[in-house]
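Please read the following report alongside the sequence and the coordinates.

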Amino acid sequence: MTLIQIGIERNVEGRTLAWALDYPGVFTYGADDAEALIRIPRQILTFESWLNLHTDQSWVQLEGLDMHIDETFEAFPVEADGKIHEVHAFFRSDMVPLTEEDIQKALMVFKWQREELLAGVETLPAELLKHEFEGQRWTIEGILEHIARVESWYFSRLGFEIPEPADGSDAYRLLNASAAIVNKCLPELIGSDQVFEHRQEKWSARKLVRRLLWHQRDHIDHIRDLALG
């Protein structure tokens, strides 16, 4: 039997976010815990199929799949620097140091996600990249810039000194720069057991990987939805 540890994070933009803690990059949303949880098995199957497109050595184990809610967390707002910031989940499993194998898998998933992201936007017309969608905070181009800046920001949460991007850097240069940071800095976190705290939110190497792969996948899906109308 394969037991999947699930982390439940509530109040994420009004929804519940279920994390498959054993498989960074696998997560689901729901109106409540039950709805998010029931979607996890299908998402794991989707992730396994996606891995099979890139490698013949998938690490997802599907035999006798079972789930266990390991921990729940209520996201909450805090005020700092004159702004409201969301404090997101830090699970017990986030304290477990990353192995070399964990890092290798994370880098592969990150790379394949990035290839999917870029392949998805390179065929879009320039006017669509800059189009302002009703009810959306960013254009598609703005989402790409956001992805890159958040990736760099994640590493700054763990004490890395990340240089500010050059003035006038476009979205693709920012994405290249943040990918270089991921590829350079992530291997330095092998075995790290350090826990940092910023604005009441705790961070660790494992949490960084969890959120890094969630963030890119979440916005790949976001951009796809916008492009398809």
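The model is a predicted one, in which local features need pLDDT of at least 70 and side-chain atom pairs count only at pLDDT 80 or more, while totals for chains, interfaces and linings use all residues. Residues are numbered from 1 along each chain as its sequence is written, and side-chain values use heavy atoms, with hydrogens and water left out.

**Strands**

Helices (H or I, at least four residues) and strands (E, at least two) are taken as DSSP runs and numbered from the N terminus; two strands pair if DSSP finds at least two bridges between them. On that basis, four strands build an open sheet with mixed pairing, in the order S3-S2-S1-S4. Because strand S3 (27–30) and strand S4 (65–74) each have a single partner strand, they stand at the edges, and one side of each is left without a neighbour in the sheet. Neighbouring strands of this sheet are turned against each other by 25° on average, direction ignored, where axes are lines fitted to C-alpha atoms, for helices over the stretch in contact, and angles run from 0 to 180 degrees between N-to-C directions.

Strand S2 (residues 15–20) runs antiparallel to S3 and is joined to S3 by four bridges; within this pair, Ala18 stands opposite Thr28 in S3. Helix H7 packs on the sheet, where H7 touches strand S1 (2–12), S2 and S3, and the direction of H7 makes about 65° with that of S3; contact here means heavy atoms within 4.5 Å.

Strand S5 (residues 76–80) and strand S6 (residues 83–87) are antiparallel and are joined by five bridges, with Pro77 having Glu86 in S6 as its bridge partner. The hairpin of S5 and S6 has two residues between the strands, and in this hairpin Asp81 takes a positive phi near 55°.

**Helix H3**

Helix H3 (residues 100–122) has 23 residues and reaches 33 Å from its first C-alpha to its last, close to the 33 Å expected at 1.5 Å a residue; the expected span is 1.5 Å times one less than the number of residues. Residues are called buried under 20% relative accessible area, exposed over 50%, and partly exposed in between (1.4 Å probe, protein chains only). The buried residues of H3 include Ile103, Ala106, Leu107, Phe110, Trp112 and Leu117. The partners against which the buried residues of H3 pack are helix H2 (40–52), helix H4 (126–129), helix H5 (140–157), helix H6 (171–185) and helix H7 (205–228).

**Single residues**

Tyr154 lies in helix H5. Leaving aside its neighbours within four places in sequence, Tyr154 is in contact with Trp203, Leu208, Arg211, Leu212, Trp214 and His215. Pro41 is found in helix H2, and, again leaving aside neighbours within four places in sequence, Pro41 is in contact with Leu65 and Met67. The C-alpha atoms of Pro41 and Asp66 are 8.7 Å apart in space, although these residues are 25 apart in sequence.

Asn11 is found in strand S1, and its phi is near 65°, a positive value in a residue other than glycine. Glu13 is placed in the loop between S1 and S2, and the phi of Glu13, near 50°, is likewise a positive value in a residue other than glycine.

| Residue | Relative accessibility | Class |
|---|---|---|
| Tyr154 | 3% | buried |
| Pro41 | 28% | partly exposed |
| Asn11 | 42% | partly exposed |
| Glu13 | 72% | exposed |

**Cavities and pockets**

On a 1 Å grid over the protein atoms alone, a cavity is a set of points where a 1.4 Å probe fits but cannot get out, and a pocket is an open set with protein on both sides within 12 Å along at least five of seven lines; lining residues have an atom within 4 Å of a point. Grid points are joined across faces, edges and corners, and a volume is the space filled by probe spheres set on the points.

By this rule there are two cavities of 30 Å³ or more. The largest cavity has a volume of about 80 Å³, and its lining residues include Trp19, Tyr23, Asp94, Arg206 and Arg210. The elements that give two or more residues to this lining are S2 and H7.

The second largest pocket has a volume of about 220 Å³. Its lining has 14 residues, of which Asp22, Pro24, Asp102, Lys105 and Arg206 lie nearest the centre. H3 and H7 are the elements that give two or more residues to the lining of this pocket, and the largest share, four residues, comes from H3.
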